[in-house]
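Trainee: I would like a close look at one part of this protein rather than a tour of the whole. Could you keep the answer connected, and say how each term is defined?

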Amino acid sequence: MKNVAILGAKGFIGKNTYDFLNNEEKYNVIAVTRDNLDLLDEREVEKFFERQNIDIVIHCANQGGTRKSQNTNIDVVKNNLKMFFNVERCIKNDMKMINFGSGAQYDKTRDLKRVREEEFDILIPKDDYGYSKYVMSKYIRNRSNKKGIVYNPIIFGMYGIGEDYTYRFISNAIIKNILKMPIEINQNVIFDYLFIDDYKRILKRILEEDWLEREFNVTPSESVELYQLAECINQIGMHKSDIVIKNNGLNYQYTGDNSRLMNLLGGKFEFTPYQVAIEQMYKYYYDNKDFLDLDSVKKDLLMQYCSTKDGK
């Protein structure tokens with residue numbers, strides 16, 4: 001049985017990862033949160049690895065990169081890099097670490113149209129979150145003589161049950177439809193959304209196999225517009241919400257080429273269609289609507305932080 005430490009086990013990806021692997025008999029899963037380990041404390045991290053016989057580290061902890069982190073005093077670059085290097089330096093020869101990259105590392109101040117891994121470093125990201133992911137990627141790409149294996153799956157967008165529905169577009173729009181509210185889009189955009197269940201299936205392959213490639217875009221084969229997602233929700237729901245697009249045109253495209261990933265998967269991976277995934281999510285939120293923070297969804301205070309292509 002392999003010991004797996006999941007760092008950031010309270011977040012959307014971390015919690016889903018914990019629940020998924022905890023049901024696999026071959027893994028002993030250790031949930032790491034800020035309540036039981038300060039990843040910014042170098043000595044605490046060292047002690048953790050000295051105490052635990054860890055085989056695999058899944059690093060889901062990070063700061064920044066969301067609308068909810070706007071207008072905070074967090075030093076995103078310093079904290080993200082400190083957490084990463086505090087952990088990476090503890091990786092030994094027989095260990096495997098999975099760190100999560102972001103499409104932001106390609107620099108989001110331009111159209112990312114099916115961007116390939118080879119296009120990394122054309123521009124240095126201008127935002128703090130993207131820059132921190134850029135530095136991690138730069139390091140991972142050049143650590144061939146270091147101990148252990150570090151993978152850097154690059155995620156553009158992920159969705160599913162458990163995401164923060166108070167502002168994440170798909171779940172937020174589903175709940176607005178249930179409440180018979182308009183679905184508002186600040187500006188339409190073409191996006192790559194990875195369904196959380198597909199992530200789990202890909203993660204399982206990374207854990208069980210030895211891939212030569214250390215970095216790869218983890219994106220679905222089909223990109224989608226926010227407007228199309230809103231229409232899909234209307235088709236599934238019992239109410240037809242008005243779809244309000246506040247600004248004309250398309251925002252910067254945010255999609256990645258998944259050819260490298262598909263080669264690693266043997267070209268036989270089938271991604272969950274958006275409609276199938278949204279049907280599952282719609283049923284969940286409808287059945288649990290009495291337990292949701294509906295007031296936050298109605299107020300939608302974080303909509304103000306959705307930027308447009310011209311910076312409005």
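Which residue follows α5, and is its phi positive or negative?

Mentor: The residue that follows α5 is Lys180, and its phi is positive, near 60°. Before building on that, please keep in mind that this is a predicted model, in which local features need pLDDT of at least 70 and side-chain atom pairs count only at pLDDT 80 or more, while totals for chains, interfaces and linings use all residues. Residues are numbered from 1 along each chain as its sequence is written, and side-chain values use heavy atoms, with hydrogens and water left out.

Helix α5 itself covers residues 169–178, where a helix is a DSSP run of H or I of at least four residues and a strand a run of E of at least two, both numbered from the N terminus. Of its 10 residues, 10 are buried, so the helix is largely enclosed by the rest of the structure; buried here means under 20% relative accessible area, exposed means over 50%, and partly exposed lies in between, with a 1.4 Å probe and protein chains only. The buried residues include Phe169, Ile170, Ala173 and Ile174, but also Ser171, Asn172, Lys176 and Asn177. As for what covers them, the elements include the strands β8 (158–159) and β9 (183–188) together with the helices α7 (226–236), α9 (274–287) and α10.

Asp300 has a positive phi of about 50° although it is not a glycine, and at 10% relative accessibility Asp300 counts as buried. Thr308 also has its place in the segment after α10 (294–299), and Thr308 is buried as well, with a relative accessible area of 6%. If residues up to four places away in sequence are not counted, Thr308 touches Asn186, Gln187, Asn247 and Asn251, contact meaning heavy atoms within 4.5 Å.

To place the helix in its setting, the protein chain has 10 helices and 15 strands. The radius of gyration of the chain is 19 Å, close to the 20 Å that the globule rule gives for 312 residues, so the chain is as compact as a globular protein of that length; the radius is taken over C-alpha atoms, and the rule is 2.2 Å times the number of residues to the power 0.38. Along its principal axes, the C-alpha trace spans about 55 × 45 × 40 Å. Across the 312 residues of the chain, 53% count as buried, and among contacts with a separation of 6 or more, 82% come from residues 24 or more positions apart.

Finally, a word on cysteines: the disulfide count comes to 0, a disulfide being a pair of cysteine sulfur atoms within 2.5 Å. Cys90 is in no disulfide, and the nearest cysteine sulfur, that of Cys60, is 17 Å away. The sulfur of Cys232 is 20 Å from the closest cysteine sulfur, in Cys306, which is too far for a bond. Both cysteines count as buried, Cys90 at 10% relative accessibility and Cys232 at 9%.
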